Amino acid sequence: MTLGAAEALGSAVGTFVSALADAGIRHVSACPGSRSTPLAIALARQPRIKLWMHLDERSAAFFGLGLARTLREPVALLATSGTATANFFPAVVEAALSRVPLVVLTADRPHELRDNGAAQTIDQLHLYGQHVKWFFDLPEPDGSTAQLQHLAALAARAVSTAMDEPAGAVHLNWPFRDPLVPMFGAKPATTRVRVSNPRLAPSPVVVDELAGALGNCRRGLMVIGPHDDPTLPEAVTRLAARLGYPILADALSNLRRGRHARSHVIDTYDAFLRDPATADRLTPEMVLRIGAIPTSKPLLQFLESRPAVRHVVVDPGGWRDPGSHATDLLHVDPSLLCAALADAVRPQPDSEWATDWRTINAAARRAIDDYCRADDELSEGKVFAELSDLLPYGAIVYAGNSMPVRDMDSFLPQSDVQLRCLSNRGANGIDGVVSSALGAGAARSGAVVLVIGDISFYHDLNGLLAVDRHALDLLVVLVNNDGGGIFSFLPQADTAGIEGDFELLFGTPHGLNFQPFVEGYGGHFVRVDDWSGFRSAVSDGFARGGLQVVEVPTNRLHNVAQHRAMWCAVAEALSPAAVV
Ligand SMILES: Cc1ncc(C[n+]2csc(CCOP(=O)(O)OP(=O)(O)O)c2C)c(N)n1
Ligand SMILES: [Mg+2]
């Protein structure tokens, strides 16, 4: 080994990693490998960066995603060459679609060892295709001053590009020659460039035009989909109060929970908009929509079946308008726009329109509460009604895809007990959810509850290793209906042609007993059989810490019947005879 090569390597990776830290990277989620040695050693030695080592790249990537989502800051991933890099793919896709900033670092063979049969070498160029915002194939380190300056600039550019709206993943592929162990002699070159990614403020022209239109519209609605920005609740609720507009707040908007003024927040629309008569009474003239596409299908259908409505989408970037219903797309920061509009609009006295929505919301809430109180059987939706009273202020609720995220949207009531609701809603994958929740737990101290279905839990059992490895706490509410419960709500469940094959193709029961798996990872497992057992298992779980799994056994067929009964109870409560 020539000292010169190892020193050149050391100054290259040292400079690059130091520039990553300068640009704001504080966490890296990584897995072991030989080719990635130079970066792994440089990251481990960088005091401003915490290196989270994992064994499985797919889980590591989702762990990094959960960290980045929760911290609202960019996080880096590191993998060695070969199929390790392909295991990052699902998390990269989720980052792209849910706008989470990730800097993906993959180590590669040098150019002379590519495409000629060298071991553990795959084509890593543009591996993640259109799912990353930027790809760059770095040069083999030579230690030259010009290259060090370039590496520092590349690190800054990678972080800034990942953060730029809409945020997402970037991919840097870095080939390393042997010897792979760097020597750190020289001081790393400093980053000269300082990058800023300010929020996109609306121009006065945009604010004036929209404020005028809103001021002249009595029947307006604010629809807030998944959008995790702590500055949004104050801005949105102030604007809604000035205009007398209801706020249809997705559970993932984080507008339902907290000490902000919630007088205009509507949280049961998923149930009452299923009733056509109620939906017809509530047709708006104008909609201001913020955030990702709402979780609630009835809300989407309500909006889509009213094409005459002026539909303004406020989004700092991208084009989130499936079905092409938007009439206006404003590429500005939603909080800044709402704050500016709240100052600009003519205040309107609270109208019959707002009162109608509020009355209907209150009646639907009473019907849902009564329904939950009367039903003693363990059921899936009621998990969120129960958790609503059990979770401590400031807890994070990570909801798995499939039924948990929908049930959270349908059943989680608004309250001033603040919760932060998160979910992988970009690509709606059932993969990597355990690791994403663990990443959320690694981001800060405080309670984190993951509510997840059995198949999704099975999908990422590997992720559980991180609990012990990194001394994390995670309380998992495992809704075990022995298969994919969501499919029982779909037409596939009633279609005669697949009768008999439904369980084989969709229900997919597995009969797994999760207890030994959980205990194998050092966790504590309780299967509850009633609600009082559930309540004590959750409180005990928080007190114990570490990995706590509370399994709620449910039945997929009963689950459909329970949801339908709840929707019927809401429709009945809102029938003209019931609403005076
Ligand atoms: C990675 C991935 N594979 C497959 C799917 C399709 N899918 C959606 S929901 C679901 C079943 C999930 O079952 P479970 O986690 O038990 O939740 P439940 O439906 O019972 O609420 C499947 C296979 C997906 N969304 N993501
Ligand atoms: Mg299930």
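Contact, as the term is used in these legends, means heavy atoms within 4.5 Å.

**View 1. Contacts across the predicted protein chain.** In this predicted model, local features need pLDDT of at least 70 and side-chain atom pairs count only at pLDDT 80 or more, whereas totals for chains, interfaces and linings use all residues. Residues are numbered from 1 along each chain as its sequence is written, chains are lettered from A and ligands numbered from 1 in the order in which they are written, and side-chain values use heavy atoms, with hydrogens and water left out. Among contacts in the protein chain with a separation of 6 or more, 79% join residues 24 or more positions apart.

**View 2. Burial in the protein chain.** Of the 580 residues, 57% count as buried, a term that means under 20% relative accessible area, with exposed over 50% and partly exposed in between (1.4 Å probe, protein chains only). Along its principal axes, the C-alpha trace spans about 90 × 60 × 50 Å.

**View 3. The magnesium ion (ligand 2) and its donors.** D454 (OD), N481 (OD1) and G483 (O) coordinate the ion at 2.0 to 2.2 Å; donors are N, O and S atoms within 2.8 Å of the metal (3.2 Å for Na, K and Ca), and because water is not among the atoms, sites may look incomplete. Along the chain, these donors follow the spacing D-x26-N-x1-G.

**View 4. D454 and N481, a pair that links distant parts of the chain.** D454 lies in helix 17 (residues 454-459), while N481, 27 residues apart from it, lies in the loop between strand 16 (474-480) and helix 19 (502-507); helices (H or I, at least four residues) and strands (E, at least two) are DSSP runs, numbered from the N terminus. D454 counts as buried because its relative accessibility is 1%, and N481 counts as buried at 8%.
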